Amino acid sequence: MGKFQWSKRLQDLPPYLFAEIDRKKGELRKKKVNFIDLSIGDPDILAPKQVNKVLYDSAKIKANQKYALDQGKPEFKKTIKSWFKKRFNVSLDVDSEILPLIGSKEGLVHFPLGFVNPGDYVLIPSPGYPGYRSAALFAGANAYEVPLLAENNFLPDLDKIPLKVRNKAKLIYLNYPNNPTTAIAPLSFLRKVVKFCAKYGIIIAYDNAYSEVYFDKKPHSIFEVKGAKEVAVGFHSHSKTFCMTGFRVGWACGGSELIKGLAKVKANLDSGIFSAVQDAAAYALSNEADYVNRLRKTIKNRRDVFVKGLRAKGFKDIHADSTFYVWAKLPKGNKSSIDFAKELMKKGIVATPGLGFGKYGEGYIRFALTVDVKCLKEAINLL
Ligand SMILES: Cc1ncc(COP(=O)(O)O)c(C=O)c1O
């Protein structure tokens, strides 16, 4: 043991899934083993060219090199407002209902610090994005896994949440289009969840990071439901929409009371988003709709090729309805997703075992379509 022990909160955290996978990939690289990386949702596609130019030009301006306003640049917030109105037909107040973030993860993970007390319950989808569990644990809360099952279209069955848990729950994380299952939530479910959460006094943290990565059905915002602003905060991201993962920019929006709480947490934690990044992000929202259309076509093409290949290799239960993931049930005879992922690694493919997303992810494997079609075909051949 070293001289200094990790805090209890850090000790209690499970290893962060993608950091673990990164470590494994590092080992393979060290051994000079070639592999196709289908593990992390970091698109291989470049961000829009003009966005880089805006970033570069804006970075040269003296005012932009100083501390940014921690509530976000008004021009960026106005752009978010217009985009939201156009995309979801939802009106947001620039001053009180929009808060730029250093990527959606930052807001998602910090949010409970503003609203959750030690001992409260935080409901997390299982399988689900691993950051939700960390967020609950950092706030000293109990993370309660709500199953997302195939037979329920990967929507939580709210009626099955025990009364004791409902009464102690302060927050539920929901994420549609869903990582990892690729499910999209219908408006009828969103109505049901708003009603349920209003009844039990539970805040909805609606993670909409993949709102623009769809193929057929256009995903909804929770705020299309009447009364949602009373109980929900939404999280959006430039990472997936514009392949701007490294820029670290997104936003939270929704009920002013919830935004105010998150803003107070952030005012004490960070000092705003680099102003040039906010200018680039605003530019992307206003000008890069064609880029997003092309991105969707590219991902759809990859998905079609990969899903066809998986079927040919004996995978039967495959989900690929949105996002750039494919969520596949392990072929017959395989039980452990970790063992299966290890076998894939031996064949030269890195994918993410379902168990890494929570206990209800066991029995599945997630492939990220973040390489080109040629590489995906190679991966299929290696399977
Ligand atoms: C479901 C989900 N939410 C949020 C994020 C975080 O995205 P970012 O912080 O880059 O906006 C991710 C990243 O993979 C994700 O999959």
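**Aromatic pairs and helix packing**

Visitor: Are Phe315 and Phe367 buried or exposed?
Guide: The model is predicted. A residue counts as buried when its relative accessible area is under 20%, and as exposed when that area is over 50%. By this criterion, both Phe315 and Phe367 are buried.

Visitor: How are the planes of the rings of Trp327 and Phe357 arranged?
Guide: The ring centres of Trp327 and Phe357 are 5.9 Å apart. Planes over 60 degrees apart count as edge-to-face. The planes of Trp327 and Phe357 stand at 85°, so this pair is edge-to-face.

Visitor: How many residues apart in sequence are the parts that Trp327 and Phe357 tie together?
Guide: Both Trp327 and Phe357 are buried. Trp327 belongs to strand S10 (residues 325-329), while Phe357 is in the loop between strand S12 (352-353) and S13. The pair therefore ties together parts whose separation in sequence is 30 residues.

Visitor: How is the ring pair of Phe315 and Phe367 classed?
Guide: The structure holds 20 aromatic pairs. In the pair of Phe315 and Phe367, the ring centres are 6.2 Å apart. Their planes lie at 80°, so the class is edge-to-face.

Visitor: How many residues apart are Phe315 and Phe367?
Guide: Phe315 is in the loop between helix H12 (289-312) and strand S9 (318-319), and Phe367 is in strand S13 (residues 364-368). The pair thus links distant parts of the chain, at a separation of 52 residues.

Visitor: Which residue has its charged end over the ring of Phe215?
Guide: A charge of Arg sits over a ring if CZ is within 6 Å of the ring centre and within 35 degrees of the ring normal. At 4.4 Å from the centre of the Phe215 ring, the charged end in question is that of Arg303.

Visitor: How are H12 and H14 oriented to each other?
Guide: The axes of H12 and helix H14 (residues 373-382) come within 10 Å and cross at roughly 10°. Angles under 35 degrees count as roughly parallel. H12 and H14 are therefore roughly parallel.

Visitor: How many nonpolar residues does the contact of H12 with H14 have?
Guide: H12 contributes Asn301, Arg302, Val305, Phe306, Gly309 and Leu310, and H14 contributes Val373, Leu376, Lys377, Ala379 and Ile380. By class, two residues of this contact are polar, two are charged, and the number that are nonpolar is seven.

Visitor: Which residue takes a positive phi just after H6?
Guide: Helix H6 (residues 131-138) has buried residues Gly131, Tyr132, Ser134, Ala135 and Ala136. Their cover includes helix H5 (104-115) and strand S3 (121-126). Just after H6, a phi of about 75° is taken by Gly140.

Key
Residues numbered from 1 in each chain as written. Predicted model: local features only at pLDDT ≥ 70, side-chain atom pairs only at ≥ 80, totals over all residues. Heavy atoms only, no water. Buried < 20%, exposed > 50% of the residue type's maximum accessible area, 1.4 Å probe, protein only. Helix = DSSP H or I, 4+ residues; strand = E, 2+ residues; numbered from the N terminus. Contact = heavy atoms within 4.5 Å. Phe/Tyr/Trp six-rings, centres within 6.5 Å; stacked < 30°, edge-to-face > 60°. Axes fitted to C-alpha atoms, helices over the stretch in contact; angles between N-to-C directions. Parallel < 35°, antiparallel > 145°, perpendicular 65-115°, else oblique. Nonpolar A, V, L, I, M, F, W, Y, C, P; charged D, E, K, R; others polar.
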